[in-house]
Amino acid sequence: MWVLALVPILIVPPVVAIFVMYRSPADDLRNFDRTLATTVAVLNVIVSVMFWHWLGHFTLDFGPGLWFFLKSLGLSHSPVARATPI
């Protein structure tokens, strides 16, 4: 359960850890351990969502900048066949 709660960057393992913690019998875990593991899993989910949000913005901002940079170097795609007048 702790391994699932501490997996970074992924969202599903901490969510599974939260469900496992509250579906297990009360004798398996002390109340403090359950609360601490749940808190760690929830914080890991929040940090993971923030990371994926940042990565999405980074890639969307990085792509056009890289394209314009490569285009300025002359690496843009040119058409294979030119249009001929009729």
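Me: In which helix is leucine 36 found?
Reply: The structure is a predicted model, in which local features need pLDDT of at least 70, side-chain atom pairs count only at pLDDT 80 or more, and totals for chains, interfaces and linings use all residues. Helices (DSSP runs of H or I, at least four residues) and strands (runs of E, at least two) are numbered from the N terminus. On that numbering, leucine 36 is found in helix 3.

Me: How many helices are there in the protein?
Reply: From the N terminus on, the elements run α-α-α. There are zero strands in the protein, and the number of helices is three.

Me: What is the relative accessible area of leucine 36?
Reply: A residue is called buried under 20% relative accessible area, exposed over 50%, and partly exposed in between (1.4 Å probe, protein chains only). Leucine 36 is partly exposed, and its relative accessible area is 38%.

Me: How far apart in space are leucine 36 and tryptophan 2, C-alpha to C-alpha?
Reply: In sequence, leucine 36 and tryptophan 2 are 34 residues apart. In space, their separation from C-alpha to C-alpha is 9.9 Å.

Me: Which residues make up the largest nonpolar core?
Reply: A nonpolar core is a set of buried Ala, Val, Leu, Ile, Met, Phe, Trp, Tyr and Cys residues joined through side-chain atoms within 4.5 Å. In soluble globular proteins, nonpolar side chains tend to be buried together. Here the largest such core holds six residues, namely Ala5, Ala17, Ile18, Met21, Ala37 and Ala41.

Me: Which residues does threonine 38 touch, not counting residues up to four places away in sequence?
Reply: Threonine 38 lies in helix 3 and is buried, with a relative accessible area of 12%. Contact means heavy atoms within 4.5 Å, and, with residues up to four places away in sequence not counted, threonine 38 touches Met21 and Tyr22.

Me: Why is asparagine 44 called buried?
Reply: Asparagine 44 is found in helix 3, and, leaving aside its neighbours within four places in sequence, asparagine 44 is in contact with Ala5, Leu6, Val7, Pro8, Ile9 and Pro14. Asparagine 44 is called buried because its relative accessible area is 11%.

Me: What is the angle between the planes of the aromatic pair of phenylalanine 51 and tryptophan 54?
Reply: Rings of Phe, Tyr and Trp (its six-membered ring) pair if their centres lie within 6.5 Å, and planes under 30 degrees apart count as stacked, over 60 as edge-to-face and the rest as tilted. The structure holds three aromatic pairs. Phenylalanine 51 and tryptophan 54 form a tilted one, 6.1 Å centre to centre, with an angle between the planes of 40 degrees.

Me: Is the pair of tryptophan 54 and phenylalanine 58 stacked or tilted?
Reply: Tryptophan 54 and phenylalanine 58 are four residues apart in helix 3, so they are separated by about one helical turn. The centres of their rings are 5.5 Å apart and their planes are at 15 degrees, so the pair is stacked.

Methods. Residues are numbered from 1 along each chain as its sequence is written. Side-chain values use heavy atoms; hydrogens and water are left out.
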